[in-house]
Amino acid sequence: MAEAGESSQEKTEEATPRKLEKAREDGQIPRSRDLTSSFILLAGSIGLYTFAESISGSIMGLTRHNFTLSRTEVFDPEAMIAHLASSFAEGLFSLIPLFLVLLIASVVGPIALGGWLLSAKAMAPKMSRMSLGAGLKRMFAFKALVELLKALGKVITIMFAAIFALKVWQQDILQLAGEETRMGVAESLHISGVTTIIMAAATIIIALIDVPFQIADHSKKLKMSRQEIKDESKDSEGKPEVKGRIRQLQREMAQRRMMSQVPEADVVITNPTHYAVALKYDPEKMATPIMVAKGGDQTAFKIREIAKAHGIEIIESPMLARSIFHTTDIDETIPTGLYVAVAQVLAYVFGLRNYRRGRGERPQYPRINVPRDLQYD
């Protein structure tokens, strides 16, 4: 028994949808910082290379403008402040395209794995994060070793990417010394931009390794034991005794509602003791009779008792009572095969009602025939 209890506590089962949803509410989703940083580095380097010409042109014009001040502007504090403000605004405006690229990359990068999530629980302060013991445990955990290996992998990957780029443009770099200044600066910027893109793209290799690791680590953290799954099922569906009590209350409510309709019935057909069905028929509102109540044993006795108290006619017809009981639900019309038999009963009841009011002769009790295919023992 002890071994069975221990095995049930082993977290070998995949997380249920409810566990995943709760973890997401708590801010626990797979995230890869390497994927985010790679995305931002690559987008930033491509954006810098794309907008380098316009940015450098703006900076050159701004520099030229700042070094051509008149004597009056130099000795006028207000003019200098206005000049500084305009230079700052112009420089910032020239960098807006690059900032937009970085902004988009910083938003898209984190949600590339795990999707968009804003959790107040994840942002709430936790004392466990400030625990010295927990911090030391994290430092020497397996995940810390993985992070160290990833950091070394980044350095090695970027180093090889830089060596590759230097070998490819080795001759071009050596020729820069002999070129005209403007052309040399432009060519060096081109080489620097492409080399930066290559080194940024190299970090994607680390990200592609990190993403499956983060997904597997997240799934491992959320694994559940069989007992946890059972407990979750009980919590979501309700304990058996609670569910049983709810069903009992529902049955009692349905029965009370059914009994409240018995006084509105026109006739109650009985077995005479085991079954009782109450029928109602209003020729002006109904095309066919409907059953407003039915029951067996104690419920049948209660239906007969209510019918007697309200002067509802009770007809003994065992075959017809069993047939209606088994083929018709509450508030449903009777089957077409029982139209003739029920019509005979209702005609007798309405005739008997008129006779008691002094209208006409006493009707003869009908001979009720139930079709063979609708007979129940």
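Colleague: Which residues of helix H15 are buried?
Modeller: Bear in mind that this is a predicted model. Helix H15 covers residues 318-327, and a residue counts as buried at under 20% relative accessible area. The buried residues of H15 are Leu320, Ala321, Arg322, Ser323, Ile324 and Phe325.

Colleague: And what do the buried residues of H15 pack against?
Modeller: There are strands and a helix on the list. The partners are strand E1 (267-270), strand E2 (275-280), strand E3 (290-296) and helix H16 (339-356).

Colleague: Why is the pair of Tyr275 and Phe325 called tilted?
Modeller: By the ring-pairing rule the count comes to 2 aromatic pairs. In the pair of Tyr275 and Phe325, the ring centres are 4.6 Å apart. Planes under 30 degrees apart would be stacked and over 60 edge-to-face; here they stand at 55°, so the pair is tilted.

Colleague: How many residues apart are Tyr275 and Phe325?
Modeller: Tyr275 belongs to strand E2 and Phe325 to helix H15, so to speak distant parts of the chain. Both Tyr275 and Phe325 are buried. The separation is 50 residues.

Colleague: Which residue has its charged end over the ring of Phe325?
Modeller: Phe325 is one of the buried residues of H15. The charged end over its ring sits 4.9 Å from the ring centre, and it belongs to Lys294.

How values were computed:
Residues numbered from 1 in each chain as written. Predicted model: local features only at pLDDT ≥ 70, side-chain atom pairs only at ≥ 80, totals over all residues. Heavy atoms only, no water. Buried < 20%, exposed > 50% of the residue type's maximum accessible area, 1.4 Å probe, protein only. Helix = DSSP H or I, 4+ residues; strand = E, 2+ residues; numbered from the N terminus. Contact = heavy atoms within 4.5 Å. Phe/Tyr/Trp six-rings, centres within 6.5 Å; stacked < 30°, edge-to-face > 60°. Lys NZ or Arg CZ within 6 Å of the ring centre and 35° of its normal.
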